[in-house]
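Welcome! Here is a short tour of a protein structure, arranged by topic. Take a look at the sequence and the model first, then read on.

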Amino acid sequence: MPKWLDNAVFYEIYPQSFLDTNADGIGDFQGIIQKLDYIRDLGFNALWINPCFLSPFGDAGYDVADYCTAAPRYGTNEDLKRLFAQAHSRGIRVLLDLVPGHTSVEHPWFRESMKAEQNPYTHRYVWTDSIWESLEGYGCLRGISPRDGSCLLNFFSCQPALNYGFYQPEKPWQQSTEDEGPRATLEAMMDVMRFWLTMGCDGFRVDMAGSLVKNDPEGLGTIALWQKVRAFLDREFPDAALISEWGEPDKSLRGGFHMDFLLHFGPSHYNDLFRCPDPFFSEGGKGDASAFVAKYLESRKAAGPDGLICIPSGNHDMDRLARWVKGDQQFLAFLFLMTMPGAPFVYYGDEIGMRHVEGLTSVEGGYARTGARSPMQWDNGVNAGFSAAPKEKLYIPQDPDPARPTVKAGLADAGSLLNQIKALIALRQKNPALQSRGEIRFLVDGAPGQPLVYVRAFGGQRLLVILNPCREAARFSLEESLGQPLYTFGSPAVQADASVSVPGVSGGIYPLV
Ligand code: NOJ
């Protein structure tokens, strides 16, 4: 288990939209390098960069055409190598985004696989043996080449599924995970990992990690596959982190992932907190965190003592946090995110409360996600300091509001969300109880009208986190005594005997004495 995950705090960069240094309207590696000091100064010590490899960008780079070549619009492999080195010199680790489930239709493997003649790539993708046959539950590409078969899709129509086999093959064309084709696909993917890890990256966020083995409803074949990957990493790159987009920690962590994301889909109730009409982080008192808490505890139990679960502020697939969580509630949401176990992930721009840009036409397969991918707002200069290109050339239009939040304004205001996040990261770094591996015990589960209260503990340290997003004050019983707060938002909680009263819209971190 890479030790560095114990106190990692991640920042997610969607490279298209971070900083453009060559005035082409799109972000680049040099832009990320230029902002490493900003990232470090906020206290982040790890990055996740969305796919930055050669691609026709039908799905923003999740349609890879060459796993081992950087997309020229961002720079070269050498630039990326420099980015790793520059990040490391500031104590920042870098995760790349590995997309093992599918490629672009433009990948040379797929071009070969489309041929009628047998070749080494014939079984690199999942094909039926007649174009008249498809597989229930999967989309397919057919009639696109001389090969007489339908090719399974993993996501969009431009993303054919790589072949890792079927858990229980039922048809002649369905290979087992131990057949030669699926084994070669896995070897090829491990070569990709080896390539970037040797160049200096620190691990991977793995796209759709649960999707690899087909007809695998319990995920058993996919879990076994990832256990092989984990064994390879433990052998060759023991410090590399493996983090899954799976959303089911009970499966992913058994597969050897170090950490799994809670997502806006799947069973986690993550949306109850941040993205629904009455999220837990809202004033009206209708928000309910209790189903989230119940599922979270169940997942932690299934994850075992080593497995971590990470809770992101958002990502490039979700509505911006600020679309659902407003004003002061964002401060409380970040107090929550920065005091939960597992490493927190902050999506670029969420630290300044960037808004979801409404009414945009889809860009690069973004559809409704496009509004969460607009270019970073650095200052109040041209294009908010993102790019010197003409406005119409920007990758995605920016928030048109002249009062849009910016990093410059956030840095200048001691009471800004940005500075609060910085203070919370610093607190997390000082207090092991708040970090990835600290224990958690919920005292109040945030049912409607109730606060969310939990104890974080590590070694001898015990800290109580209290969150009351609701307008009304709340009360809960506590046998132990609250010490001087390490942090408060709004008015502090007041203890009288065995009862604590929590003012409306407030939160804090208190030692238990
Ligand atoms: C999940 C990624 O986060 C998303 O952006 C992408 O469209 C799909 N996987 C397909 O790769």
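Over how many bridges do β13 and strand β14 pair, and in the parallel or the antiparallel sense? β13 and β14 (residues 452-458) pair in the antiparallel sense, over 6 bridges. Before going further, please note that this is a predicted model, in which local features need pLDDT of at least 70, side-chain atom pairs count only at pLDDT 80 or more, and totals for chains, interfaces and linings use all residues. Residues are numbered from 1 along each chain as its sequence is written, and side-chain values use heavy atoms, with hydrogens and water left out.

**The sheet**

- An open sheet is formed by 5 strands in the order β13-β14-β15-β20-β17, with antiparallel pairing; strands are DSSP runs (E, at least two residues), numbered from the N terminus, and two of them pair if DSSP finds at least two bridges between them.
- β13 (439-445) and β17 (487-489) stand at the edges with a single partner strand each, so one side of each has no neighbour in the sheet.
- From one strand to the next, the twist averages 15°.

**The β13-β14 hairpin**

- β13 and β14 form a hairpin with 6 residues between them, and G446 in the turn has a positive phi of about 70°.
- Across the pair, I440 stands opposite R456 in β14, while D445 stands opposite L452 in β14.
- Helix α9 (residues 290-303) lies across β13 and β14 and runs at about 155° to β13; angles run from 0 to 180 degrees between N-to-C directions, with axes fitted to C-alpha atoms, for helices over the stretch in contact.

**A pair of helices**

- Helix α5 (residues 180-199) packs against helix α6 (residues 220-236) at an angle of about 35°, and their axes are 11 Å apart; helices are DSSP runs (H or I, at least four residues).
- Residues of α5 including L186, M190 and L197 meet residues of α6 including L225, V229 and F232, where contact means heavy atoms within 4.5 Å.

**The ligand**

- Residues surrounding the ligand include D59, Y62, H102, D207, D317 and R373 (a residue is near if one of its heavy atoms lies within 4 Å).
- An oxygen atom of the ligand lies 3.0 Å from a polar side-chain atom of H102, and a ligand oxygen atom is 2.5 Å from an N or O atom in the side chain of D317.
- The side chain of D207 has an N or O atom 2.8 Å from a nitrogen atom of the ligand.
- Taken alone, the ligand exposes 300 Å², of which the protein buries 98% (areas come from the Shrake-Rupley method with a 1.4 Å probe).

How values were computed:
Polar contact = N/O pair within 3.5 Å; in protein donor to acceptor, adjacent residues only side chain to side chain.
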